[in-house]
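Thanks for coming. I will keep this short and go through one structure, starting with a term and then moving from a loop to a sheet and a core.

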Amino acid sequence: MHRRKFLELWWTVPVTITFGIMGVLGYRAKKITFDKEIPGEPKFISKTAKRITKVDYFRNDYEIVDFIYEGIPSFIICLPERTKTSIKIGQKYYTAYSRVCTHHGCLVELIKDPEVIAFAYNYRNDRPMICCPCHYSVFDPVKDGRVALGQAIYPLPRIKIEVIGKFIYSSGIEKAPKLFAT
Ligand code: FES
């Protein structure tokens, strides 16, 4: 009797597993496609100020300076337009981001050549973007680090910067999101 019952129902096991896997994949696809977070007003956690570089260091748009802040690899970038967290020095705007990708934590890098971005990341644009080599997420430096493409959902955490004397300092940082484990 038990054997017969088992033979009647055994097929439900692979079907249940298949639907479970499809559900997980569907949820993951929905998150990646529709639930990307738009960066809002910054929520900095104040930390000890740390000198990054001289205010007159930068010459051109999209130049960066790498630094470590509170143990987190970060960079400051010179931009042609303002962001929610940028400071203005002369005619240029400056914003700083964590380099830790919000997907699985690889280090992102600025790629200046749009053709390289189009070829390597399948994302066409007319300006430099912040890219993650691990799973090809692309973040937009002039849109507060929001995700333009890829598996990451959350924008890059922003670093608070300010001018003190002749130098730019970092003085606060946004909380990093929980890494999206997919
Ligand atoms: S760790 Fe950056 S896209 Fe996956």
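A strand here is a DSSP run of E, at least two residues, and strands are numbered from the N terminus. Keep in mind that this is a predicted model.

With that, take Pro-80. Pro-80 sits in the loop that links S3 to strand S4, residues 87-89. Is Pro-80 buried or exposed? Pro-80 counts as exposed, because it has 12 C-beta neighbours inside 10 Å, and a residue with 12 or fewer is called exposed. Tyr-69 is 11 residues away along the chain, and the C-alpha atoms of Pro-80 and Tyr-69 are separated by 24 Å.

Next, the sheet. Four strands make an open sheet, in the order S6-S7-S8-S9, with antiparallel pairing. At the edges are strand S6, 109-111, and strand S9, 146-149, each pairing on one side only. From one strand to the next, the twist averages 45 degrees. Strand S8, residues 138-140, pairs with S9 over 3 bridges. Helix H3, residues 114-121, lies across S6, S7, S8 and S9, and runs at about 35 degrees to S7.

Phe-139 stands opposite Val-147 in S9. Setting aside neighbours within four places in sequence, its contacts include Val-108, Met-129, Ile-130, Pro-155 and Leu-156.

Last, the core. The largest nonpolar core has 30 residues, and among those touching the most other members are Ile-76, Val-108, Ile-130 and Phe-139. Strand S3, residues 72-79, gives the largest share of this core, 4 residues.

Terms used: Residues are numbered from 1 along each chain as its sequence is written. This is a predicted model: local features need pLDDT of at least 70, side-chain atom pairs count only at pLDDT 80 or more; totals for chains, interfaces and linings use all residues. A nonpolar core is a set of buried Ala, Val, Leu, Ile, Met, Phe, Trp, Tyr and Cys residues joined through C-beta atoms within 7 Å. A residue is buried if 20 or more other C-beta atoms lie within 10 Å of its own, exposed if 12 or fewer, and partly exposed in between; C-beta atoms are placed from the backbone. Two residues are in contact if their C-beta atoms, placed from the backbone, lie within 7 Å. Two strands pair if DSSP finds at least two bridges between them. Axes are lines fitted to C-alpha atoms, for helices over the stretch in contact, and angles run from 0 to 180 degrees between N-to-C directions.
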